[in-house]
Amino acid sequence: MAKVPKPNELVFDYNPPQKWWMDTKPEFRPGTWCYPGKAKNAEVLGLPNPREWSPLDEDWKLPSNWKEIIFEGMRDCLNKYRSLRVFMDICVRCGACSDKCHFYIGSGDPKNMPVLRGELLRSVYRKDFTLAGKIMGRIAGARELNEEVVKEWFYYFFQCTECRRCSVFCPYGIDTAEITIMGRELLNLLGVNIDWVLGPAANCYLNGNHLGIQPHAFKDMIEFFVEEIEAVNGIRIEPTFNRKGAEVLFITPSGDVFADPGTYTLMGYLMLFHEIGLDYTWSTYASEGGNFGLFTNHDTMKKLNAKMYAEAERLGVKYIIGGECGHMWRVIQQYMDTMNGPADFLEVPRSPITGTVFDNAKSTKMIHIVEFTADLIRNGKLKLDPSRNDHLRVTYHDSCNPARAMGFFDEPRYVIKNVCNNFWDMPPNCIREQTFCCGSGSGLNTDEFMEMRMRGGLPRANAVKHVHDKHGVNMLSCICAIDRAVLPPLMDYWVPDVDVTGVHELVGNAIVMEGETERTTDLRGNPLEGMEDMSDEDL
Amino acid sequence: MGLEQFLAGDKPALARAWFDLILGTYPPETSALLQKDKNQFANPVGYTLSQSLSGIIDEMLGGFDHEKVLPLVDQVVRVRAIQDFSPAQAVGFVFLLKKIVRNRAEEGIREKRVSPNEVLAFESKIDQLALMAFNVYTGCREKLYELRVNEVKNRTFRLLQRASLIAEIPEQDTQLKNGKDSIT
């Protein structure tokens, strides 16, 4: 017979325990942590301590001299990156960042406050690298490094999407994303990582993209979209692959190739390039814009980034156009130049259609497709019919990295407003540099993390719900492949009537192509406004 | 004078007291945040809580229209269903209202303005609210797992399809529908 609980056993405490943060330990509940990195993936990337392990085990199988490794790693990072030393020393714990993190707002877990996330690392730094911490210990906010601390680092550094919203509000400009990046770098020295980061990074290193799609399959997939486009407007597009001597190499996240709704965005790219007659090529080797090395360690990031430029050099292109990706642009904009740059073998990007020279990419030689398209529209080079997006009521989610790492606010809106008639921005404290993260970036977009993703995405969804209720918005546009993959489930949970699109899907719908047949549907096969009753027989 | 009328005298205080007790289910730093910022976008959880609780109180003291109550309960439970709470803690906030009502009704009973039976009847309404919250909670958790399953399914299926590794049975085309052709 099942044990019937006594009344006093049914009473639960409504109030959480009140303990100091150093004494509160994370509880590894399902949904709040990601599966650990597999040994085979760590081996491919040459990362230390490859092994099978689980965060639920008491013993994480750390190397015997793990403490020494961490201290040595910290010393190395502090010497190498002056920014880290400044971030460690300068925080006065004013709390300006504390309520700005989407994970904190959504979860209510105080250790998701950026200030406290920083303290996780800072407390160890104080204890072993500052005199005050050595002498005064806890009073000075210092603590001993032990295995519990490593477990806490794993829990919380993989509950940060490195979106940098907090840094916008820090009076000292502390970049908590870089603290997380360093935290993950140190954890990687012990072989503590998650497989959703290691797997894609290893695949990218071996096969050129996150999923390990091989060249022939990559080509097949792009050709699948060629057929889809032909079914929509009768235009046959002929993309080229690994073509030497092309003017431009186009690189986009592989998510656009295999995951809906990113695939429709990819159709938009194909249509645009065909219509303007751009001399460009795809590469089946540099077939990934994303760089999960950024979420692993600096060495992996550098390797994966170098691959794109090596391919550009091999093919002899003049410059690179990058697709709608998020963190790819943080890597290009902020790290590429000092990691692998300057890319002197390439030319400063110049649009062959408008003649515009993109001086902003003088050193990296890589421009964002949205700025390229905005320039085409600005110069009147595209024939557009925005009424083809009239069935959509659109808002725009500033994807974190293009927004905060590039200051890319106006170009996407300019393009959207030219290809759509119905556009509403979300309220000012949720967009542009204050944009709220999707809650699943920096390699956390895995299904076992769904509960935490819903917490992290709450503030973003809340703002979308507002424009949905007020203006009937039914489409959330964005310029990041991770966004396109993770915002649909987020919407499904919080605002079920809103779908997700990339900006170039909207461009693909609106672009009037030379010789095309009359369109009755958008790229997804949904009827255009006024065409709802048209069936195949009517055509 | 009925209990509803008696309580309606100070509806905002009732909602506030309930809100405060719910804040106590969060860590102190968080409960401070939840009541501090009134901006609905900077503090979505605090805002949603206070708005929904006021709405629920209105309904509890008014018509108790299930159609109106359900979306309000949904807003609160949807948040708590994905926060770090056990199922009991996630929906248990409803019972906190009993504590408040009992405290307030005590005075009314003493002064014979409210009968104890009315308190019991009101508590039955709170029980209904709890069952509603339980339904919503279950729906939210099921949704969460459905999202996981869908994510995995979409990933694999679309990939296989695009790599031409599987041949899907196509939808019947127009000709077939019109009987112009048949599968022989």
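**Burial, cavities and contacts**

Guide: Of the 184 residues in chain B, 43% are buried, where buried means under 20% relative accessible area with a 1.4 Å probe and only protein chains counted. This is a predicted model, in which local features need pLDDT of at least 70, side-chain atom pairs count only at pLDDT 80 or more, and totals for chains, interfaces and linings use all residues. Residues are numbered from 1 along each chain as its sequence is written, chains are lettered from A and ligands numbered from 1 in the order in which they are written, and side-chain values use heavy atoms, with hydrogens and water left out.

Visitor: Which pattern does chain B follow along the sequence?

Guide: Helices are DSSP runs of H or I of at least four residues, strands are runs of E of at least two, and both are numbered from the N terminus. Chain B has nine helices and zero strands. Read along the sequence, its pattern is therefore α-α-α-α-α-α-α-α-α.

Visitor: What share of the contacts in chain B, between residues at least 6 apart in sequence, joins residues at least 24 apart?

Guide: A contact means heavy atoms within 4.5 Å. Among the contacts in chain B between residues at least 6 apart in sequence, the share that joins residues at least 24 apart is 73%.

Visitor: Which element gives the most residues to the lining of the largest cavity?

Guide: A cavity is a set of points, on a 1 Å grid over the protein atoms alone, where a 1.4 Å probe fits but cannot get out; lining residues have an atom within 4 Å of a point. The largest cavity holds about 160 Å³ of space, a volume being the space filled by probe spheres set on grid points joined across faces, edges and corners. Helix H6 (114-129) and H10 of chain A are the elements that give two or more residues to its lining. The greatest contribution, four residues, comes from H6(A).

Visitor: From which domains does the lining of the second largest cavity draw at least three residues each?

Guide: The second largest cavity has a volume of about 140 Å³. Its lining has 17 residues, and those nearest its centre are A:Cys400, A:Asn401, A:Cys438, A:Gly441 and A:Cys480. Domain bounds come from an automatic or database domain assignment. The domains of chain A that each supply at least three lining residues are domain 1 (21-193) and domain 2 (200-510).

Visitor: Is A:Asp175 buried or exposed?

Guide: A:Asp175 is in the loop between helix H9 (165-169) and helix H10 (176-189) of chain A. Leaving out residues up to four places away in sequence, A:Asp175 touches A:Phe87, A:Arg164, A:Ser167 and A:Arg330. Because its relative accessible area is 6%, A:Asp175 counts as buried.

Visitor: Which residue of chain B does A:Pro459 touch?

Guide: A:Pro459 is in helix H21 (residues 458-471) of chain A, and its relative accessible area is 1%, so A:Pro459 is buried. Its C-alpha atom is separated by 8.8 Å from that of A:Phe103, 356 residues apart along the chain. Not counting residues up to four places away in sequence, A:Pro459 touches A:His102, A:Ile105, A:Phe436 and, in chain B, B:Pro44.

Visitor: How far apart in space are A:Ala374 and A:Val168, C-alpha to C-alpha?

Guide: A:Ala374 is in helix H17 (residues 369-378) of chain A. In sequence, A:Ala374 and A:Val168 are 206 residues apart. Their distance in space, C-alpha to C-alpha, is 26 Å.

Key: Buried means under 20% relative accessible area, exposed over 50%, partly exposed in between (1.4 Å probe, protein chains only). On a 1 Å grid over the protein atoms alone, a cavity is a set of points where a 1.4 Å probe fits but cannot get out, and a pocket is an open set with protein on both sides within 12 Å along at least five of seven lines; lining residues have an atom within 4 Å of a point.
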